[in-house]
Amino acid sequence: MTLRTAHIVGRRGSALFMVLWVIALISFLTLGLIELMKIDIDMEIVRSKDFRARQLAESGIAIATHPSIERYDPLLFHEFDEGESYDVRIESEDARLNINRIMQSGDTDILRRLFTHWDLTQSEIDDVLAAMEDWFDSDDLPRLNGAEFEEYIEAGRHRGPGNAPFRTLDELREVLGLDVLFDKKPDWIDFFSIYSSGRVNLNDAPIDLIQVICGVTLTRAESFVRLRNGPDREEHTEDDVMFENQQDAAAALGLSADEFQSFGNQVTLQSSTIRITSVGRVDEHERTITVILRRTAQNPTAEMIAWEEE
Ligand SMILES: [Ca+2]
Ligand SMILES: [Ca+2]
């Protein structure tokens, strides 16, 4: 091969290589583009399902807030075609302890008893209460094992405690030093409210609160809830028993009138503050809307106090 022929073959080889390289590059870019389009379409599907799930949750809220809807009404659950549904729960907000009222009163005895019930040690309870009190009080002086601004920043938080009553339950969740509570009772936050009256409604209270407030055994508290649930043993159904007077409630708890009176000012049998939780679902996508309403005999159409979404 002459030098000139070798040069031509070399140039043809380079050209071929360039063509192959451009084809590879175009293929690569096309695949990337397809992948990007696929991600975009997937995100659009997620957004659309999320939007629809929120619409369904809103429908549930609209139905549940109607004054004539009872907590066991079949309209509170509806399943549509193609994996779409909403499910609404109506309960008394007074099934929960009001954390701000407890902190305001300075009497944390009920919290000590509840945290003991959840197996926290006395020193763990002291630390948890110190942390909650430091969040609540207006000063910046940390209690022993409590936490104020400096401790929050040192722990990598972007802000310090509220130094005021809790505005939301998420703020209560943010208190520094509550890990032990989350460890021993992961759903502890569900026992609290910032809207409840301060008297716990025995017609809706969870077993733990019945035990701790009324000082009864687990067996007694369970038997009380069984009676409350009616013959079908299921809560929130038409046969549920609502205790209307203290004598009946005391008898169902196996307590004398005097024993009931010892905690009578901490409990109630009716409430005007209602929690409505509506879950909208589309396949595996879920949106939850929680609404707090206050409904009185004078105002049966109800006043909305809070609207939270997650
Ligand atoms: Ca403080
Ligand atoms: Ca029932």
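The model is predicted: local features need pLDDT of at least 70, side-chain atom pairs count only at pLDDT 80 or more, and totals for chains, interfaces and linings use all residues. Residues are numbered from 1 along each chain as its sequence is written, while chains are lettered from A and ligands numbered from 1 in the order in which they are written.

Domains to begin with. Domain 1 covers 52-94 + 273-309 and domain 2 covers 102-190; these bounds come from an automatic or database domain assignment. Their C-alpha centres lie 31 Å apart.

Next, helix α4 (122-136). Helices here are DSSP runs of H or I, at least four residues, and strands are runs of E, at least two, numbered from the N terminus. With 15 residues, α4 reaches 21 Å from its first C-alpha to its last. Its buried residues include Ile-125, Val-128 and Trp-135. Buried means 20 or more other C-beta atoms within 10 Å of a residue's own, with C-beta atoms placed from the backbone.

Now Glu-148, in the loop between α4 and α5 (149-154). Glu-148 is buried, because 20 other C-beta atoms lie within 10 Å. Trp-135 is 13 residues away in sequence and 7.0 Å away in space, C-alpha to C-alpha.

Last, the strands. Strand β8 (residues 285-294) and β9 pair in the antiparallel sense over 6 bridges; pairing requires that DSSP finds at least two bridges. Leu-293 stands opposite Met-304 in β9. Of the 7 residues of β9 (residues 303-309), the number buried is 0, so the strand lies largely in the open.

How values were computed. A residue is buried if 20 or more other C-beta atoms lie within 10 Å of its own, exposed if 12 or fewer, and partly exposed in between; C-beta atoms are placed from the backbone. The expected span of a helix is 1.5 Å times one less than its number of residues.
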